[in-house]
Amino acid sequence: MHSRRALLYMPGDDWKKITKSLTLGVDCICMDMEDGTAISRKAEARAIIAKALQELDFSKSEKLARINSVGSGWEKDDIEAVLPYHPDGVVIPKIESLDQIQWGSEIIEAAELRHGWPINSIRMLVGVETAKGILNLKEIASHPRLDGIIFGGEDFAASIGATRTPGAIELLYARQAVVTACAAFDLQAIDIVTIDFKNLDIVRAESEFGARLGYSGKQIIHPAQVEPVQSAFTPDDEAIAYAKRIVEAFEASQKEGKGAFVLDGKMIDMPLLKNAQKVLERAKAAGK
Ligand code: COA
Ligand code: MG
C-alpha cells in the first residue's frame with residue numbers, strides 16, 4: 001500500500017497548484033473535483049486533471065482524483081473523465097453505503113478490463129463524513145478495493161449539527177469509529193483537515209493527536225502543512241529504538257519461557273509487542 005501520511009488536496013481546475021504539488025515531496029496528491037472546485041468549474045477540473053495525469057511526472061507522489069459524491073449528478077462524468085489516464089486511485093467522498101462503493105468499483109473494473117490493466121490496480125479511498133456513513137462503517141470498510149477511509153471532520157460536524165472547537169472533542173466518537181473500522185479491515189485511516197493552515201503549531205498538535213488516536217495520515221490543503229504532518233505520522237528515532245528493544249526483549253523472554261517481563265521498570269507482554277510492531281511497520285512504510 002502506498003504511504004499516505006499526508007494527502008494534499010488542490011482544486012482540480014488549478015493547474016498551477018497541481019504543478020506546485022509535484023515539488024513538495026508529499027506522499028499523496030489528490031486533485032479535487034468536489035468541494036474544492038467551484039460548481040461552475042467542474043468541467044474545467046475534469047479536463048485539467050485528465051491533462052495532468054497524461055503530461056506530468058508525479059515521481060514518488062501518489063496521484064489521486066477525488067470525484068463528486070454518488071448522487072450529486074456529477075460523479076459519473078467525473079470518474080469517466082479521469083479513468084482513461086490511470087490515476088493511482090480514486091477518492092469518493094461522503095460515502096454512506098456499500099452500494100455506493102460498489103458503483104465506483106464496477107466502473108473502475110470496467111476501465112481496467114477495457115485497457116488491459118491489472119484488476120485492482122486503481123485503488124479506492126472513500127470519505128466517511130456523515131452520520132449515516134458512521135453508522136454503516138462496518139459494511140463500508142469491508143470492500144476489497146479499499147485502501148483507506150478518510151474522515152471528513154467539517155462535513156461530519158455539519159451532518160450532526162455540531163459546533164467545531166479547536167480540540168475537536170465534538171468529533172471524537174466518529175473519529176475513533178473510523179480508526180477502529182480501519183484497523184478491523186486493515187485499512188489506512190486518514191484524519192481531518194486543519195483549516196487554520198497558517199498556524200503550523202496547530203497542525204502539528206492536531207497531527208500528533210491524530211497519530212496517537214491510531215490514524216496513519218492526515219488530509220492537508222496547503223504546502224506548508226506537508227512537513228509537519230509527514231513528520232508527525234513518522235515514528236521518531238526514539239520511538240523506533242524503543243520498539244526494537246521491546247521486540248528483541250520479547251523474543252528473548254519467550255525463549256526463556258516467560259510471557260510477561262520487565263523492561264525499564266515497566267511490564268511488557270503481548271499487546272505491547274503488537275504495538276511495537278505497528279510502530280516499526282509505520283517507520284518502514286515511511287521509508288525509515
Ligand atoms: N496545493 C498546491 N499548491 C498550493 C496549495 C495546494 N493545496 N495551496 C497553495 N498552494 C501554492 C500557491 O499556489 C502558492 O504557490 P506560489 O508560491 O508558487 O505562487 C503557494 O502555495 C503559497 O500559497 P498561499 O498564497 O499561501 O495560499 P493561497 O492563498 O494561494 O491559497 C487556499 C489558500 C486555502 C485557497 C489554497 O491553499 C487551497 O486551495 N487549498 C486547497 C483547498 C481544497 O482543495 N479544498 C478541498 C479539500 S478540503
Ligand atoms: Mg468533505
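This is a short talk on a predicted model, covering its barrel and then its ligand site.

Housekeeping. Residues count from 1 along each chain as its sequence is written, chains are lettered from A and ligands numbered from 1 in written order. Local features need pLDDT of at least 70, side-chain atom pairs count only at pLDDT 80 or more, totals for chains, interfaces and linings use all residues, and side-chain values use heavy atoms, without hydrogens or water.

The fold. Eight strands, S1-S2-S3-S4-S5-S6-S7-S8, form a closed barrel with parallel pairing. Strands are DSSP E runs of at least two residues; helices are H or I runs of at least four. Pairing takes at least two DSSP bridges.

One pair up close. S2 (residues 28–32) and S3 (residues 62–66) run parallel, joined by 5 bridges. In S3, Arg66 stands opposite Asp32.

Now ligand 1. Around it sit 14 residues (a heavy atom within 4 Å). Nearest are Tyr9, Lys16, Lys17, Ile221 and His222. S1 (6–11) and H1 (15–21) each supply at least two shell residues. S1 gives the largest share, 4 residues.

Polar contacts are N or O pairs within 3.5 Å. A polar side-chain atom of Lys16 lies 2.7 Å from a ligand 1 oxygen. A side-chain N or O atom of His222 is also 2.7 Å from an oxygen atom of ligand 1. A polar backbone atom of Ile221 is 2.8 Å from a ligand 1 nitrogen.

Note on methods: Polar contact = N/O pair within 3.5 Å; in protein donor to acceptor, adjacent residues only side chain to side chain.
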